[in-house]
Amino acid sequence: MHTSEPKVTVLMPAYNAGNYIAEAIYSVLEQSFTDFELLIINDGSTDDTEKIVSAIKDPRIVLISQQNKGVSAALNLGLSYARSPYIARFDADDICYPDRLKIQYDFITTYPEYSIIGTAADYVDADGHYIFTHHPVGHLNEEIQQLKYSVCPFIHSSVFYKKELVLSNGGYNENAYTFEDHFLWVNILKDQKACNLSQALIKVRLNPQSITVDERWHSRKFRSIKYSTLKTRSISQAQGSELYQISGKQYPWRKREGAYYALCGKKFLVNNYQPRKARTNVARAISLHPLRLDNYLLYTISYLPERLINWIYKMRLNRS
């Protein structure tokens, strides 16, 4: 039994994360800030996730298993068990830098008027190789408050927030399939102060096993439901079921793999200009999905100068 209350709960949902979860766990256990519990919710994994977690002996690890119900249900279960007033979200395939918890805890306790603290992140591929550094579109609270509802203000795996804030808003909405965090933010940010630290405090791993890889690989119907519910800040069970059904049909392994390689290729062009690496990844995406014309376009523009590629990307963003 744990008798003392930790200062921070690191909340990690895990589903079939056996390939990466040990590295993720050790990146938490090796934090310079040590007064935390690592609460891992095993969401009905069918691989060796639970066995790997159980083999790591550290009293700060708390493992809870449930039947597979999805990430939102896993997070809500974790919130109900969390013993700390502060939650550090973290995914089972990502990596924390050593001072992540210290920096975010010091910030939120020094400036208690803030409720949510996000950060920048270094993105890596499935093998852990660096791709690019993502800087959130808004850092100051004023910038975050002015973002359109369609823009997710935080990298979910980087956020550090007050537990009671999320609980008082009903937790994560289980109907907002694959965008439960984005839906949460649009519902709670209107009267809360938040920021994103410019320093990258985590590595986010892109890998084909992720539920979502690239927004443009969603179907048009999926995107329509998603953005209409974000705009109205409301989602029904029927809409949630439809999102789940659409996603279940569109995510066979070939599509996951293709989306993964296409995204890596795009990032090597737009965020870290390395056209040869971009073409290698896009070529793999084309081999998996030869009928997707956008991959051929991406391959073609990889021969253009960096400045022109950035101009095309900005023009495309302005039209969306």
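Predicted model: local features only at pLDDT ≥ 70, side-chain atom pairs only at ≥ 80, totals over all residues.
Let's start with a pair of strands. β2 covers residues 36-43 and β3 covers residues 61-66; they run parallel, and 6 bridges join them. If you look for Ile40, you'll find it standing opposite Leu63 in β3. Helix α2 belongs in this picture too: β2, α2 and β3 make a right-handed β-α-β unit.

Now look at α2 itself, which takes in residues 49-55 and includes Ala55. Is Ala55 buried or exposed? Its relative accessibility is 56%, and exposed means over 50%, so Ala55 counts as exposed. From Ala55 to Cys96 you'd go 41 residues along the sequence, and the two sit 20 Å apart in space, C-alpha to C-alpha.

Next up is helix α8, residues 220-232. With 13 residues at 1.5 Å a residue, α8 should span 18 Å, and that agrees with its end C-alpha atoms, which are 18 Å apart. Which residues of α8 are buried? They are Phe222, Ile225, Lys226, Thr229 and Leu230. These cover an arc of only 125° around the axis, so they lie on the same side of α8. Here's a handy bit of background: an α-helix has 3.6 residues a turn, so residues three or four places apart point the same way. Just after α8 comes Arg233, with a positive phi of about 60°.

Finally, find helix α10, whose 18 residues (253-270) reach 26 Å from first C-alpha to last, close to the 26 Å expected. Its buried residues include Tyr260, Tyr261, Leu263 and Phe268.

Note on methods:
Residues numbered from 1 in each chain as written. Heavy atoms only, no water. Helix = DSSP H or I, 4+ residues; strand = E, 2+ residues; numbered from the N terminus. Expected span 1.5 Å × (residues − 1). Buried < 20%, exposed > 50% of the residue type's maximum accessible area, 1.4 Å probe, protein only. Pairing = 2+ DSSP bridges. Right-handed = clockwise from strand over helix to strand, strands pointing away. Arc of directions from axis to C-beta.
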